[in-house]
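Open the model in your viewer and keep the selection tool at hand. The stops below go from the whole chain to single residues.

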Amino acid sequence: MGHKDYENHALCAACGGACCRHMPGATHPSDWRDDLLSSLADALTSRRYAVDWREAERSDDAAVYFIRPVVSISPRYEPKPVIDGSWGGQCTFLTGVGCELPLIGRPLSCRAMEPREKMFGRGPEHCWAHASHRSILLAWKPHQSVIRVAARIALQRLGLPSWDREEL
Ligand code: SF4
């Protein structure tokens, strides 16, 4: 991907990581090892990443699956789901001192988010996303069957029932 990586500890600390508390960033296929299937199967088995999806926009479209970190949820709801189409929640990698991942290990949409000074007293929307969610979904489109198989492997390894969503 031709995106620059951005990191600004001072701005993100001042903001408190509003974007990371809002929703984890999406990974891009290029974020993973060459062996995409085994990378995804390992990541999903770790339960720190989940399969998420964007619903089909038209009736003749299919949903697009992608991989993102799981959200930190109440211990009451542990263990975290391997497949999670919910929206909103704090990223599992956010700590009290920022992201626990090194910059190079973060999802593309996180690395490509340019922190910017708050303007007009508004929230995190002043930061600039150089990788659109749509472009990331398009990049995942050719890898839908790999995600499907990786999810099955992870669910099997974890002794969890297979997901009943038809397309997966
Ligand atoms: S991976 Fe790191 S930078 Fe990305 S949303 Fe999670 S805590 Fe934030």
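**A guided tour**

Start with everything selected: of the contacts in the protein with a separation of 6 or more, 65% join residues 24 or more positions apart. Two residues are in contact if their C-beta atoms, placed from the backbone, lie within 7 Å. This is a predicted model: local features need pLDDT of at least 70, side-chain atom pairs count only at pLDDT 80 or more, and totals for chains, interfaces and linings use all residues. Numbering starts from 1 along each chain as its sequence is written.

Now colour by secondary structure. There are six helices and eight strands. Helices (H or I, at least four residues) and strands (E, at least two) are DSSP runs, numbered from the N terminus. Their order is α-α-α-β-β-β-β-β-β-α-β-β-α-α.

Of the 168 residues, 30% are buried. Buried means 20 or more other C-beta atoms within 10 Å of a residue's own; exposed means 12 or fewer, partly exposed lies in between, and C-beta atoms are placed from the backbone.

**Stop 1: strand β1**

Select residues 49-54. Five of the six residues of strand β1 are buried, so the strand is largely enclosed by the rest of the structure. Strands pair if DSSP finds at least two bridges between them. Ala50 stands opposite Arg68 in β2.

**Stop 2: the core**

Which residues have the most contacts inside the largest nonpolar core? Select Leu40, Leu44, Val51, Phe66 and Ala151; the core has 34 residues. A nonpolar core is a set of buried Ala, Val, Leu, Ile, Met, Phe, Trp, Tyr and Cys residues joined through C-beta atoms within 7 Å. Helix α6 gives the largest share of this core, five residues. Centre on Val51. Not counting residues up to four places away in sequence, Val51 touches Leu44, Tyr65, Ile67, Val82, Ile83, Ile147 and Ala151.

**Stop 3: Leu158**

Move to the segment after α6 (144-157), where Leu158 lies. Leu158 counts as partly exposed because it has 13 C-beta neighbours inside 10 Å. Leaving aside neighbours within four places in sequence, Leu158 is in contact with Thr45 and Val82. Show Leu44 too: its C-alpha atom is 9.6 Å from that of Leu158, and the two are 114 residues apart along the chain.

**Stop 4: the ligand**

Select the residues around the ligand, among them Cys20, Cys91, Cys99, Arg106 and Cys110. Here a residue is near if its C-beta atom, placed from the backbone, lies within 6 Å. The shell divides into 10 nonpolar, one polar and one charged.

Note on methods:
Nonpolar A, V, L, I, M, F, W, Y, C, P; charged D, E, K, R; others polar.
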